[in-house]
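Dear colleague,

Please find below the structure that I am handing over to you. My findings follow directly after it.

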Amino acid sequence: MPLDDTILTTNNVSKTFGSKTKAVEALRDVSFSVARNELCILLGPSGCGKSTLLNIVAGLEDPTSGSVSLDGEIIHGPSRQRGMVFQSYTSFPWLTVFENVEYGMKLNGVPKAERTERAEKFIELVHLSRFRDAYPNTLSGGMKQRVAIARTLANEPEILLMDEPFGALDAETRWHMQEMLLEIVETTHTTILLVTHDIQEAIFLADKIVFLSANPGRLKTVLDLEFKKGAELKSKEDLIALPGYLECEREITALMRAEAGKSEEDY
Amino acid sequence: MTGTIGQSTTPDKISGVAKRSMADTSSKTPRRRFFEFKKDIPTSWSITLGVAVWVSFFGVWEFAVWQQWANDILLPGPVKVLSALYTMFADNGFLNDVLISVWRVLLSFALACAVAIPLGILMGTFRTVEAFFSPFVSAWRYLPAPSFIPLLLMWFGAGDMQKLSLLFIGVIWFLITLITDYVKSVPADLIRTSVTLGGNRLQVLRTVVVPASLPNITIAMRQMLAVSWTYLVIAEITAADAGIGAVMMRAKRFLHVDEIMAGILVIGVLGLMFDFLLRQVYRFAFPYLEGRH
């Protein structure tokens, strides 16, 4: 990967929680990078610290050692450059869909006319125009996540961080959301770093999979998904029909099981 | 993973079956029983039952008076109490006393809120603010407000200041504690969302913490306003020349039990009115919560 194409890098990020006497090592020397316009997936078994790593990238937590840099500059604390979509529903219930999407731009002093235009564009992009003036309380889980995605994208971050964004949704809604995310990537060319433990989701969405091992979280391998190169994936069915898909899923499942087996006493 | 693959082949069929079976159960209405575990009842039932309890209460009361179970000076009938209430309002200027009491409650409560709401919000948001104030607030919470009455009487005499400060002390500590807890329960992810969208501390406080906790703050106010009425009566009974409690104590001196009961009735009605009012405020101010409460 050419260096100028890199947007985000983590350099030997380590994280230890707790006191000196009862310390829990969550991450050890994790280094990887995300290229511009890439959809990078952080995958690994539970306890591999992938969510912690994402929080560090977001600036919500500080690494114990190591650093994260965006566009070559070391990050300190959260900023609008690294917008985050959470697994829990984070639409503000007292704001309508439109006001939710407009929210981030309002914080950053975007003028009203531009705010309205951008909000409307991204509400359209996530197919929620019909619900523009609805309160989140009246929306389904999938729709709430779409609001969160539109809100973050409308704020024009350098990179979109997603922490198991579809984890709380039922299977059918999850497919729709995954397909919609690929649609969005195609039109907006957003760089995305997404955490998941769902192997199929990872293969379907990823340009690149960063696989972490558990206890403590370390970089195990980076998968480039050669079999997907050049294929146009519109739906889950396209993916499953692709030669090499099953082999890839089998490989990652084996990786996952090997890691999970290491910490069997945890279950 | 295998679960999702299996489902993907026949999603329509599965949901179709589920819908049909649901329709089947709802078409058969089983015979309704009077005692049913945790089951909703029709509105007509709850209205009838709600009226029935009051009819029984007044019925038993009137019956007891008619049967002369107690001296009728000590136990006047409901009709006598209502006519005493009428006389009090029409001839004795009771309205003035009611207004004085309402004013005492509202002013002291407004002052308590003016302190408790900002402080509770800050304590619930910032652990440092909480660590500073919490030991102080908790200690005061365990001191019964009426124990300050002798002190307040010496400081402020029997005037309004003594009443207002008792009512203030009576609710402020609980109000702070309740609001702090409610603010603490604002989901962390809402705050983290705002921060990763570029919100600074003041913006997060103003656009997330405050609006997210306002509905619960209103609930805390409703709960503590009821307590405020309790302290009002205590304050007015111990020393006062005006107000509902003072009128009741004067009535006691003249053995006017009907007037005492009328006073109790008025306090009850006022309490219900304010509760209803705050309920309406809640519904009006937070329309987005419709259907959740």
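How are α4(A) and α5(A) oriented to each other, roughly parallel or roughly antiparallel? In this predicted model, helix α4 (residues 141-154) of chain A packs against helix α5 (residues 171-188) of chain A at an angle of about 20°, and their axes are 11 Å apart. Angles under 35 degrees count as roughly parallel, and α4(A) and α5(A) are therefore roughly parallel to each other. Their crossing is right-handed. On the side of α4(A), the contact is made by A:G142, A:Q145, A:R146, A:I149 and A:L153; α5(A) contributes A:T173, A:M177, A:M180 and A:I184. Sorted by class, the residues in this contact of α4(A) with α5(A) are five nonpolar, three polar and one charged.

Both helices belong to chain A, for which the UniProt record, an unreviewed entry, carries the annotation "domain: ABC transporter" over residues 8-239. In the model, residues 8-239 of chain A are 33% helix and 27% strand, and the end C-alpha atoms of that span lie 28 Å apart.

I turn now to chain B. Here UniProt, again in an unreviewed entry, lists residues 41-61, 102-126, 138-158, 164-183, 229-248 and 260-278 under "transmembrane region". Two of these spans were examined in the model. Residues 41-61 of chain B are 90% helix and 0% strand, with end C-alpha atoms 29 Å apart. For residues 102-126 of chain B, the corresponding values are 96% helix and 0% strand, with 35 Å between the end C-alpha atoms.

The domain assignment divides chain B into domain 1 (41-70) and domain 2 (78-289). The C-alpha centres of these two domains of chain B are 31 Å apart.

A helix pair in chain B also deserves mention. Helix α5 (residues 94-125) of chain B and helix α12 (residues 257-285) of chain B cross at roughly 45°, and their axes come within 12 Å. At that angle, α5(B) and α12(B) are therefore oblique to each other. The crossing of α5(B) and α12(B) is right-handed. Which residues make the contact? From α5(B) they are B:F94, B:V98, B:V102 and B:L106, and from α12(B) they are B:V266, B:L270 and B:F274. By class, this contact of α5(B) with α12(B) has seven nonpolar residues, with no polar and no charged ones.

With kind regards

Key:
Residues are numbered from 1 along each chain as its sequence is written. Chains are lettered from A and ligands numbered from 1 in the order in which they are written. This is a predicted model: local features need pLDDT of at least 70, side-chain atom pairs count only at pLDDT 80 or more; totals for chains, interfaces and linings use all residues. Side-chain values use heavy atoms; hydrogens and water are left out. Axes are lines fitted to C-alpha atoms, for helices over the stretch in contact, and angles run from 0 to 180 degrees between N-to-C directions. Helices (H or I, at least four residues) and strands (E, at least two) are DSSP runs, numbered from the N terminus. Angles under 35 degrees count as roughly parallel, over 145 as roughly antiparallel, 65 to 115 as roughly perpendicular and the rest as oblique. A crossing is left-handed if the near helix is turned anticlockwise from the far one by less than a right angle, and right-handed if clockwise. Contact means heavy atoms within 4.5 Å. Ala, Val, Leu, Ile, Met, Phe, Trp, Tyr, Cys and Pro count as nonpolar, Asp, Glu, Lys and Arg as charged, and the others, Gly among them, as polar. UniProt positions are given in the numbering used here, feature names are shortened, and annotations may be inferred rather than shown by experiment. Domain bounds come from an automatic or database domain assignment.
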